[in-house]
Amino acid sequence: MAFKHYLNEPHLGEKEKQYLHEVIDKGWLSAGGEYTKNFENKFADYIGVKHCVAVQSGTAALHTAMLALGISQGDKVVVPNYTCSGCATSVIQSGAEPLIIDIDKETFCLDAEKFKEAIDEYGGRIKAVMPIHIYGFIPRDFKKIINIAKENNIKIIEDTSEAHGAEFEGKKAGSFGDISTFSIRSEKMLGVGEGGIVLTNDSDLHKRANFFASRGCDFDGSKQGWWERYYYRAVGMNYRLPHLLGAVALAQMEKFENTMLRMKRIVGNEYNKLLANDKELVLQKRIDNSNPAYWLNAVVLKNKTKEQVRQIGIEMLKAGFEIRPGFWPLADMEYLKKYGFGSQKNGNYVFEHAIVLPSSIKLADNLEGIKEIIQKLKELI
Ligand SMILES: *Cc1c(COP(=O)(O)O)cnc(C)c1O
């Protein structure tokens with residue numbers, strides 16, 4: 001279906017085509033190519049972290065992070081209830097159990113108090129926490145979450161899949177975790193089709209991430225005999241990013257700040273300008289000392305029932321505005337129910353009342369489009 005205004009689009013151009021041609025001419029298509037390495041270095045530099053491993057999806061990046069951290073059976077990992085299901089399934093894949101907790105109602109991100117309650121209940125079994133920057137925004141009390149984790153010897157897996165380029169206190173999101181992950185599937189801020197990234201400052205974690213993403217192989221011809229090439233030391237995955245996608249990633253990275261990020265921020269700031277003091281349409285909260293990436297702009301229809309919100313969504317789609325629902329709360333999915341911890345009311349509230357509005361970068365060239373979207377919403381409420 002053709003829409004008047006789209007939810008979100010990638011920014012693709014000549015550079016992507018050029019690098020793809022170059023990689024095909026070189027003849028090396030699988031993992032470990034120079035374009036991928038170049039991308040890994042540039043991305044790590046951009047976020048301000050030392051080491052980077054490019055993998056095949058954001059979910060693979062999360063699983064790789066679990067394996068690198070040694071998370072396994074008997075462990076728990078705290079996951080907020082309002083996020084992509086990959087956050088919980090990657091934990092289950094590692095043999096551990098997610099502990100799904102409620103979010104903060106205004107930032108849609110992990111709630112620091114709920115995190116504390118989970119620690120009171122499960123103490124030392126919690127090995128890691130996933131503060132997630134939903135739609136490109138920083139969690140309220142982000143600093144507190146980091147400190148609570150540190151005090152309790154809980155590792156931070158900073159899932160930055162939705163927030164490439166977001167900042168908190170002058171530092172990039174993705175530089176706060178012990179290990180951080182990104183998705184680079186095309187619907188995210190920087191995309192190659194399907195892909196993911198693992199970042200860390202810890203050289204040991206980097207080695208382990210590389211090892212587990214490379215089928216459990218740490219062959220280095222300069223140190224071992226040639227006959228040792230196929231000796232594997234552990235159960236590892238084959239998660240590495242192919243060279244073709246590394247080429248696209250490099251092209252995306254080189255222009256990221258001046259295209260995607262800049263335009264997303266223009267769109268996000270315009271929504272803010274128009275809705276900052278609105279009584280009925282409440283945007284996701286931007287916390288002090290932060291600069292969101294504004295991947296998507298979600299609005300809570302405060303005075304409407306769940307049924308009314310669903311009907312308004314139907315009307316928006318009919319009128320040519322590509323909208324999306326919020327995330328289905330994880331603890332409300334049959335297969336994840338048993339992992340829910342405590343009340344999930346905020347996650348449920350946001351899911352039932354939010355509509356994700358068109359956030360395409362094309363709207364940056366035509367701010368009238370944003371006025372049109374809001375006007376239509378206002379008509380419907
Ligand atoms: C998209 C997303 C993922 C999963 O990434 P894929 O590349 O789709 O596997 C994980 N976490 C969050 C927060 C995401 O938005």
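This is a predicted model: local features need pLDDT of at least 70, side-chain atom pairs count only at pLDDT 80 or more; totals for chains, interfaces and linings use all residues.
Local features were taken only at pLDDT of at least 70 and side-chain atom pairs only at pLDDT 80 or more, whereas totals for chains, interfaces and linings use all residues. Residues are numbered from 1 along each chain as its sequence is written, and side-chain values rest on heavy atoms, with hydrogens and water left out.

Seven strands form an open sheet in the order E1-E9-E8-E5-E4-E2-E3. Strands are DSSP runs of E with at least two residues, helices are runs of H or I with at least four, and both are numbered from the N terminus. Two strands count as paired if DSSP finds at least two bridges between them. The pairing in this sheet is mixed. E1 and E3 are the edge strands, each pairing on one side only. From one strand to the next, the twist averages 25°. Angles run from 0 to 180 degrees between N-to-C directions, with axes fitted as lines to C-alpha atoms, for helices over the stretch in contact.

Ala54 has Ile197 of E9 as its bridge partner. With E8 (residues 179–183), E9 pairs over four bridges. E9 is mostly covered, with five of its five residues buried. Buried means under 20% relative accessible area, exposed over 50%, and partly exposed in between (1.4 Å probe, protein chains only). Gly196, Val198 and Thr200 point one way from E9, and Ile197 and Leu199 point the other way. Elsewhere in the sheet, helix H5 lies across strand E2 (76–80), E3 and E4. H5 runs at about 135° to E3.

The largest nonpolar core has 126 residues. Such a core is a set of buried Ala, Val, Leu, Ile, Met, Phe, Trp, Tyr and Cys residues joined through side-chain atoms within 4.5 Å. Helix H3 (residues 58–69) gives the largest share of this core, seven residues. The residues with the most contacts inside the core are Phe39, Phe115, Met130, Tyr135 and Ile157. A contact means heavy atoms within 4.5 Å. Leaving aside residues up to four places away in sequence, Phe39 touches Ala54, Ile184, Leu190, Ile197, Gly246, Ala249, Leu250 and Met253. Two of these, Ala54 and Ile197, are the bridge partners described above.

Helix H7 (residues 203–213) has Leu205, His206, Ala209, Phe211, Phe212 and Ala213 as its buried residues. Asp202 caps the N-terminal end of H7. A side-chain oxygen of Asp202 lies 2.8 Å from the backbone nitrogen of Asp204. Arg215 follows H7 and has a positive phi, near 65°.

A search of the whole structure finds 25 salt bridges. The criterion is a side-chain nitrogen of Lys or Arg within 4 Å of a carboxyl oxygen of Asp or Glu. Asp104 forms one with Arg140, the closest N and O atoms being 3.0 Å apart. Asp104 lies in the loop between strand E3 (97–101) and helix H5 (112–122), and Arg140 in the loop between strand E4 (126–129) and helix H6 (142–151), so the pair ties together parts that are 36 residues apart in sequence. Asp104 is buried, with a relative accessible area of 11%. Arg140 is partly exposed, at 24%.

Glu113 and Lys144 form another salt bridge, with their closest N and O atoms 3.0 Å apart. Glu113 belongs to H5 and Lys144 to H6, so this pair joins parts that are 31 residues apart in sequence. Glu113 is partly exposed, with a relative accessible area of 38%. Lys144 is also partly exposed, at 34%.

In helix H10 (residues 306–318), Lys318 and Glu315 are three residues apart, which separates them by about one helical turn. Their side chains meet in a salt bridge (3.8 Å, N to O). Lys318 is exposed, with a relative accessible area of 61%. Glu315 is partly exposed, at 26%. Salt bridges that share partners also join Arg185, Glu187, Glu194 and Arg324 into one network.

Notes:
A polar contact is a pair of N or O atoms within 3.5 Å; within protein, one must be able to donate a hydrogen and the other to accept it, and residues adjacent in sequence count only if both atoms are side-chain atoms.
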